[in-house]
Amino acid sequence: MTQRVKFYQTGTLTAGNRLLDPEMRAVQSSIDRSNALTSGHRACQGCGEALGARWVLDAAMRASGKRLVAVNATGCLEVFTTPYPESAWQLPWLHSLFANAASVATGVAAAMRVKGKDVRVLAQGGDGGTTDIGFGCLSGMFERGDDVLYVCYDNEAYMNTGVQRSSATPPAARTATTPALGPEPGNELGRGKSVPLIAMAHRIPYVATASVADLHDLEDKVEHAMRLHGPRYVHVHVPCPLGWGSASEDTIRVARLAVESGLFPLFEAEYGDVVRVTPIRRRVPVEDYLRIQKRFAHLFADGNVDGRRVAYLQAIADRNISRFGLLGPEGAR
Amino acid sequence: MNKPFAITLDQGSSRANHTGSWRTRRPEYVDRLPPCNNACPAGEDIQAWLARAEEGDYRAAWEILVRDNPLPAIMGRACYRPCETACNRGRLDEAVSVHSVERFLGDFAIAEKWAFGPTVASSGKRVLVIGAGPSGLSAAYHLARMGHAVTIREALPRAGGMMRYGIPKYRLPREVLDAEVRRILDLGVRLELSAPITDVLQSSRDYDACFAAIGAHLANRVEIPAADASRIIDALQLLQDVEGGAIPRIGRRVAVYGGGNTALDAARTAQRLGAEETCVVYRRGRSRMPADALEVAEALEEGIQVRWLRTIQSFENDELVLERVETDARGGLHGTGEFETLEADTVILAVGQNVDLSILEKVDGVRITDRVVEVDARMMTGHRGLFAGGDMVPAKRTIATAVGHGKKAARHIDAYLRGTTYVHAERHEVATFDMLNPWYYSDADRTIQPTLDAVRRRSTFEEVHGGLTADSALFEARRCLSCGNCFECDNCYGVCPDNAVVKLGKDMRFRIDLDFCKGCGLCAAECPCGAIRMVAEEV
């Protein structure tokens with residue numbers, strides 16, 4: 001899906017470029033982008049979720065010709081965008097409960113079908129609303145075959161309520177509920193789940209992972225998802241400077257290191273099978289990713305390295321790399 | 001009061017919430033000085049002309065180039081390109097081949113017969129330029145475009161100075177040199193050839209200012225005990241003879257004494273004149289050789305041998321006696337008392353050169369120190385209205401430096417003639433590699449120029465390196481990272497989580513909306529070229 005335009009100065013890696021054909025530039029480089037999530041929202045400085053949500057929705061708005069309704073689960077994204085009576089959304093948007101975004105979206109899609117309107121539906125939530133609280137509704141939406149694109153913005157904990165662990169929190173990470181104390185500091189090893197893989201098990205038309213590290217890749221995937229019908233799922237990695245303890249200007253860098261280390265694999269699956277992966281460009285050890293986040297600081301306290309936990313995380317990255325073939329054709333050789 | 005149940009307020013936009021008040025630091029767009037521009041002795045705005053070349057607008061690129069340097073086709077061939085040594089891309093893969101794009105633009109301009117743009121209205125002032133080398137031509141060009149009437153007096157029969165009499169044809173074809181000189185003369189510059197000056201004050205009496213740019217054509221000598229002194233010839237004389245069409249008499253085995261560019265040019269020329277073996281003898285090691293590394297490499301490719309750390313003791317019966325030399329920790333040289341021989345029937349001396357300053361020695365106020373003329377920050381000598389540049393003032397003796405002197409002197413001469421002062425724009429901070437975010441640049445190997453095969457390089461004076469095609473020039477220009485200057489990649493606009501970067505449209509760049517910018521710094525961190533700086537807000 002990811003198109004690579006041969007352009008020597010910046011490749012397609014920057015948002016746009018004055019020399020590139022406008023059609024080849026990212027939606028985000030366009031002066032006419034929707035700004036579906038506009039200024040004045042109350043997300044923290046450098047919020048990855050605010051960034052990821054605008055990228056996703058602007059791409060979906062363009063793909064749908066601005067005929068799009070968004071349904072939001074409870075979470076940061078809902079709270080920071082809609083303190084009554086102000087809204088940062090520049091598209092029809094509704095919020096009901098924490099658990100039921102997928103079900104509400106099912107209803108909206110059904111209503112549009114009944115009314116004979118060609119309006120697309122996008123449901124979105126954080127990892128808490130998706131992988132934990134709204135998981136049953138999401139699985140039901142997949143299983144019923146509803147025509148909804150569900151987007152999960154994964155910042156790996158419940159950030160809005162003060163950084164509590166979710167089932168998307170990585171092993172060893174410190175959260176308010178997994179303190180860096182005692183013999184097993186941080187999030188317990190061996191827990192958690194991968195919702196993209198679970199979504200694939202529903203054999204739905206499209207599952208993809210994306211990251212704010214790669215704008216073009218993300219937009220390509222959203223646009224592709226919008227061309228399809230039926231249940232579709234896109235899981236976007238969005239660093240949280242507050243919860244992860246990273247610098248606000250490092251949001252994209254952190255996301256990039258997650259991708260380049262192999263901890264967050266970028267892939268696409270259709271009807272249960274992986275069909276494409278975005279190869280790692282410059283592989284880095286997981287330590288590079290861990291060291292710039294305070295939630296992993298206990299792994300490197302006092303100049304020591306918690307070898308067991310770092311190795312555990314490295315093993316996850318290595319397994320992703322071999323499982324998805326993330327080093328590309330050259331790595332396979 | 002027509003609100004739905006339980007609704008008491010109108011729906012508002014979040015834009016009422018000015019999150020800019022959270023900010024403790026703000027992003028600022030800056031234009032930093034690219035390292036190439038910083039390194040260019042001719043003061044070229046390399047990045048600016050590469051940017052136009054990237055768009056395929058070669059005319060605009062050339063216009064920007066010649067704002068600073070009227071000799072791009074020459075410079076693209078003969079400059080030792082400090083820009084490429086400084087290029088940040090060298091830290092990623094390989095430096096941008098600036099010279100080959102410059103040469104392409106220069107050649108394209110010659111092929112398309114482009115002329116220089118209009119000059120300003122005539123000032124009515126007259127300037128005499130002494131010497132039609134790179135510095136004199138550069139000064140003449142800039143002064144002419146500034147509206148002054150310029151006359152160049154050249155002692156030799158053709159224009160070009162060291163570009164003609166020091167740089168052999170295989171590095172700089174004469175049609176190229178002639179075309180670029182002619183274009184300067186087409187501005188109305190008068191050129192008097194074979195017109196040496198004996199008395200500067202007398203000759204410049206009818207002029208309002210004078211710029212002296214005499215090249216270092218005076219060869220240094222070194223005494224070598226020899227049976228037949230006629231077989232010791234001077235490198236500059238050899239190059240000059242070849243240029244004049246004479247075929248100098250050299251033998252089959254030639255030794256060149258010296259380690260500068262002239263030594264290598266003489267060696268490569270001797271090879272082309274039919275020498276079977278050519279060996280350069282130099283008293284220091286390779287790393288201490290003043291010759292440009294590129295030139296050394298090319299000479300070695302052509303089969304020239306070099307004996308480093310040797311001095312010539314005597315030259316008799318087709319045999320040189322060489323003494324091995326050692327360097328001490330402080331760089332001093334000491335003979336070792338170990339000797340070896342080298343078969344040679346001709347010795348070419350290239351042991352440094354100087355400027356014939358005799359015409360300036362008696363001028364009131366002119367100070368000469370270490371065989372060069374002292375000039376002030378305006379390039380003016382101690383004699384009012386008499387300026388000097390190029391080889392004759394203390395600086396590196398390269399074409400680019402000479403061209404830079406010509407430009408600088410012209411600006412100050414112009415100010416002098418108009419009774420004003422030239423103030424140079426403030427230099428921006430240099431865009432160093434750590435200011436870039438190289439992630440965004442894709443890999444692209446440097447374009448290789450076509451090169452003449454080794455056999456023809458040993459026997460003919462054909463140009464060694466070929467030029468780029470329009471396609472490869474475009475490719476190469478696009479390898480530029482645009483260090484320190486926005487190239488409108490839209491990254492800042494794309495990565496702002498708060499929509500606080502306003503895109504203003506093509507060529508107008510961006511603006512920060514400080515009502516909403518929270519100061520996160522993502523725009524600065526993700527700017528590929530380091531054109532955004534974060535500054536603390538005053539609290």
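Student: How many residues of chain A are in contact with chain B, and how many of chain B with chain A?
Tutor: 41 residues of chain A are in contact with 47 residues of chain B, where contact puts the C-beta atoms, placed from the backbone, within 7 Å. Keep in mind that this is a predicted model, where local features need pLDDT of at least 70 and side-chain atom pairs count only at pLDDT 80 or more, while totals for chains, interfaces and linings use all residues. Residues are numbered from 1 along each chain as its sequence is written, and chains are lettered from A and ligands numbered from 1 in the order in which they are written.

Student: Which elements give two or more residues to chain A's side?
Tutor: Helix 1 (48-63), strand 2 (86-87) and helix 9 (251-261) of chain A do. Helix 9 of chain A has the largest share, 4 residues. Helices (H or I, at least four residues) and strands (E, at least two) are DSSP runs, numbered from the N terminus.

Student: And by class, how do the residues on that side of chain A divide?
Tutor: There are 14 nonpolar, 19 polar and 8 charged. Here Ala, Val, Leu, Ile, Met, Phe, Trp, Tyr, Cys and Pro count as nonpolar, Asp, Glu, Lys and Arg as charged, and the others, Gly among them, as polar.

Student: What does strand 2 of chain A pair with?
Tutor: Strand 2 of chain A pairs with strand 1 (residues 12-13) of chain B, in the parallel sense over 2 bridges; pairing takes at least two DSSP bridges between the strands. A:Ser87 has B:Ser13 as its bridge partner.

Student: OK, the sheet in chain A. What's the strand order?
Tutor: The order is 3-1-4-5-7-6-8-9, an open sheet of 8 strands with mixed pairing. Strand 3 (93-95) and strand 9 (273-277) of chain A are the edges, each pairing on one side only. The twist averages 20 degrees from one strand to the next.

Student: How many bridges join strand 4 and strand 5 of chain A?
Tutor: 5 bridges join strand 4 (residues 120-126) to strand 5 (residues 149-154), and the two run parallel. A:Gly125 stands opposite A:Cys152 there. Helix 1 of chain A packs on the sheet too, touching strand 1 (68-72), strand 4, strand 5 and strand 7 (232-237) of chain A. Its direction makes about 160 degrees with that of strand 5 of chain A; angles run from 0 to 180 degrees between N-to-C directions, and axes are lines fitted to C-alpha atoms, for helices over the stretch in contact.

Student: Is strand 6 of chain A buried or exposed?
Tutor: In strand 6 (residues 206-211) of chain A, 6 of the 6 residues are buried, so the strand is largely enclosed by the rest of the structure. Buried means 20 or more other C-beta atoms within 10 Å of a residue's own, exposed 12 or fewer, and partly exposed in between, with C-beta atoms placed from the backbone. A:Tyr206, A:Ala208 and A:Ala210 cover one face, and A:Val207, A:Thr209 and A:Ser211 the other. Strand 6 of chain A pairs with strand 7 of chain A in the parallel sense over 6 bridges.

Student: Over to chain B. At what angle do helix 3 and helix 6 of chain B pack?
Tutor: Helix 3 (residues 58-68) of chain B and helix 6 of chain B pack at about 105 degrees, with their axes 10 Å apart. They are therefore roughly perpendicular to each other; that label covers 65 to 115 degrees, with under 35 roughly parallel, over 145 roughly antiparallel and the rest oblique.

Student: Which residues of helix 3 of chain B make that contact?
Tutor: B:Tyr58, B:Ala61, B:Trp62 and B:Leu65 do, against B:Glu102, B:Leu105, B:Phe108 and B:Ala109 of helix 6 of chain B. By class, that contact has 7 nonpolar, no polar and 1 charged.

Terms used
Contact = placed C-beta atoms within 7 Å.
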